[in-house]
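Here's a quick briefing for anyone opening this structure for the first time. Have a look at the picture, then read on.

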Amino acid sequence: MAEIVCPTGACDLAELEGILKRAFVARYGLDPGLDVAAEAMAWAWANQDQVVAADNPAGLLYRVGQSRARRYLRWQRLRGDSSFPAEEQSEGQTWVEPALNAALARLDIEHRTAVVLVHSFQWTYDEVAALLGVPLHTVRNRVHRGLERLRVQLGAK
């Protein structure tokens, strides 16, 4: 399995924070994603020796964040909220398909995470596989199936 490689070759905690923010926003949406990333980073600062010694520090912190996210997910289910924002585009934003956010919100969390990391944040399939701790072919399948579902939902197929 490939490791996530930072631009400098080795990730420091500041670089890991950027990686985690993108990953958790892709998975849970903006507000919960940033909160979960912050909690994972708090754990990282408290456990720096363990993070530095890890073979895949981003993957370790991603798992820590997933554990911390359970509280957000339970709270959202109780309120009936979708974890991914289905909001309309505002003035001044780059144009995107108006129904895209709602279509992304309807994707299951694994497909949405893979599609957003690969196509919005320009991560490689190897980087996504390393972060999520899944085989490369799983990422390929999730991206392919996620895009197929988006095309059907948006009437592009």
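How many residues does helix H8 have, and how far does it reach from its first C-alpha to its last? H8 covers residues 136-153, which gives it 18 residues, and it reaches 26 Å. Keep in mind that this is a predicted model.

**The whole chain**
- The protein chain has 157 residues, and 39% of them count as buried.
- Take the contacts with a separation of 6 or more: 63% of them are between residues 24 or more positions apart.

**A closer look at H8**
- The 26 Å reach of H8 is close to the 26 Å expected at 1.5 Å a residue.
- Tucked away as buried residues in H8 are Thr138, Val139, Val143, Gly146 and Leu150.
- Looking down the axis of H8, you'd see its buried residues fall within an arc of 130 degrees, so they line one face of the helix.
- As background, an α-helix has 3.6 residues a turn, so residues three or four places apart point the same way.

**Around and after H8**
- The cover over the buried residues of H8 includes helix H5 (100-106), helix H6 (109-119) and helix H7 (125-132).
- Glycine 155 follows H8, and its phi is positive, near 70 degrees.

Notes
Residues are numbered from 1 along each chain as its sequence is written. This is a predicted model: local features need pLDDT of at least 70, side-chain atom pairs count only at pLDDT 80 or more; totals for chains, interfaces and linings use all residues. Side-chain values use heavy atoms; hydrogens and water are left out. Buried means under 20% relative accessible area, exposed over 50%, partly exposed in between (1.4 Å probe, protein chains only). Contact means heavy atoms within 4.5 Å. Helices (H or I, at least four residues) and strands (E, at least two) are DSSP runs, numbered from the N terminus. The expected span of a helix is 1.5 Å times one less than its number of residues. The arc is that of the directions from the helix axis to the C-beta atoms.
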